[in-house]
Amino acid sequence: MLTLYHAPRSRSTRVVRLIDELGALDRVTIEIVTIPRQDGSGGRDAANPHPEGKVPYLVHDGVGIRETNAIMLYLTELFPEAGLGPMPGAARRGDYLGWMAYYGNVVEPALVLRFTGLSHPVFDATFRGMEEVTARLAEALEKGPWLLGETYSAADILLASPFVWFPQATPEVPAIKDWIARVQDRPAVARTEAFDAGHKAA
Ligand SMILES: N[C@@H](CCC(=O)N[C@@H](CS)C(=O)NCC(=O)O)C(=O)O
């Protein structure tokens with residue numbers, strides 16, 4: 001049994017969208033939970049088994065899986081017929097894993113540092129920054145149309161997501177802006193928005 005713990009309009013929305021694109025909405029139970037929101041609303045939900053009360057959290061036959069990128073990798077492998085992530089042995093597999101890890105290891109920290117205005121030589125040496133993130137995305141997307149070339153994948157959903165939440169953070173690079181528009185033009189976007197709108201959580 002597969003259960004996704006989800007709070008509408010949060011990081012777990014990306015996972016709901018992925019499940020939709022995998023054609024697996026009937027195979028995953030989506031449990032709506034609350035989380036503390038930045039505006040002071042909401043709160044930790046006792047029904048959410050995530051050890052820190054966060055979302056997304058996937059439970060598969062009693063085993064919990066944390067972190068969006070790990071959950072997305074897990075799901076694309078569980079539903080390989082959808083073709084949303086190259087499987088072991090496929091040509092772009094390493095590239096795919098690299099993008100999924102890069103999101104958590106570098107992109108989110110770099111965005112948070114940019115957003116807070118914090119700067120420290122150790123941060124810069126460890127993560128680099130948004131200039132480098134922009135350069136990596138632009139290099140891939142000049143060949144495009146997707147991060148893995150001709151193949152649309154969960155990496156596109158994940159790497160585009162922060163720029164969908166914070167359009168002001170989007171680099172002024174036409175190849176990146178066009179790619180975000182392509183990612184957001186997928187039919188699952190409207191369906192996921194409608195799902196979230198219908199499940200408003202406190
Ligand atoms: N690195 C985690 C971050 C998860 C996360 O921080 N989720 C937010 C929702 S956008 C959350 O659950 N916040 C509630 C809290 O921090 O208690 C991931 O990508 O899965």
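Begin with the shell around the ligand, which by class has four nonpolar, three polar and three charged residues. In this classification Ala, Val, Leu, Ile, Met, Phe, Trp, Tyr, Cys and Pro are nonpolar, Asp, Glu, Lys and Arg are charged, and the others, Gly among them, are polar. Select Ser10, Arg11, Ile35, Pro36, Gly53, Lys54, Val55, Pro56, Glu67 and Thr68, which surround the ligand; a residue is near a molecule if its C-beta atom, placed from the backbone, lies within 6 Å of it.

The model is predicted: local features need pLDDT of at least 70, side-chain atom pairs count only at pLDDT 80 or more, and totals for chains, interfaces and linings use all residues. Residues are numbered from 1 along each chain as its sequence is written.

Proline 56 belongs to the loop between strand S2 (29–32) and S3; helices (H or I, at least four residues) and strands (E, at least two) are DSSP runs, numbered from the N terminus. A cis peptide bond also joins glycine 144 to proline 145, with omega near 0°, and proline 145 is in the loop between H5 and H6. Most peptide bonds are trans.

Next, select helix H6 (154–165). Of its 12 residues, 10 are buried, so H6 is largely enclosed by the rest of the structure. A residue is buried if 20 or more other C-beta atoms, placed from the backbone, lie within 10 Å of its own, exposed if 12 or fewer, and partly exposed in between. The buried residues of H6 pack against H1, H2, H3 and H7, where contact requires C-beta atoms, placed from the backbone, within 7 Å.

Now display the largest nonpolar core, which has 43 residues. Such a core is a set of buried Ala, Val, Leu, Ile, Met, Phe, Trp, Tyr and Cys residues joined through C-beta atoms within 7 Å. H6 supplies the largest share of this core, seven residues. Domain 1 (2–84 + 188–197) and domain 2 (93–186) both contribute residues, so the core lies between them; these bounds come from an automatic or database domain assignment.

Finally, select arginine 9, in the loop between S1 and H1. Arginine 9 has a positive phi of about 55° although it is not a glycine. Arginine 9 counts as partly exposed because it has 14 C-beta neighbours inside 10 Å.

Methods:
Contact = placed C-beta atoms within 7 Å.
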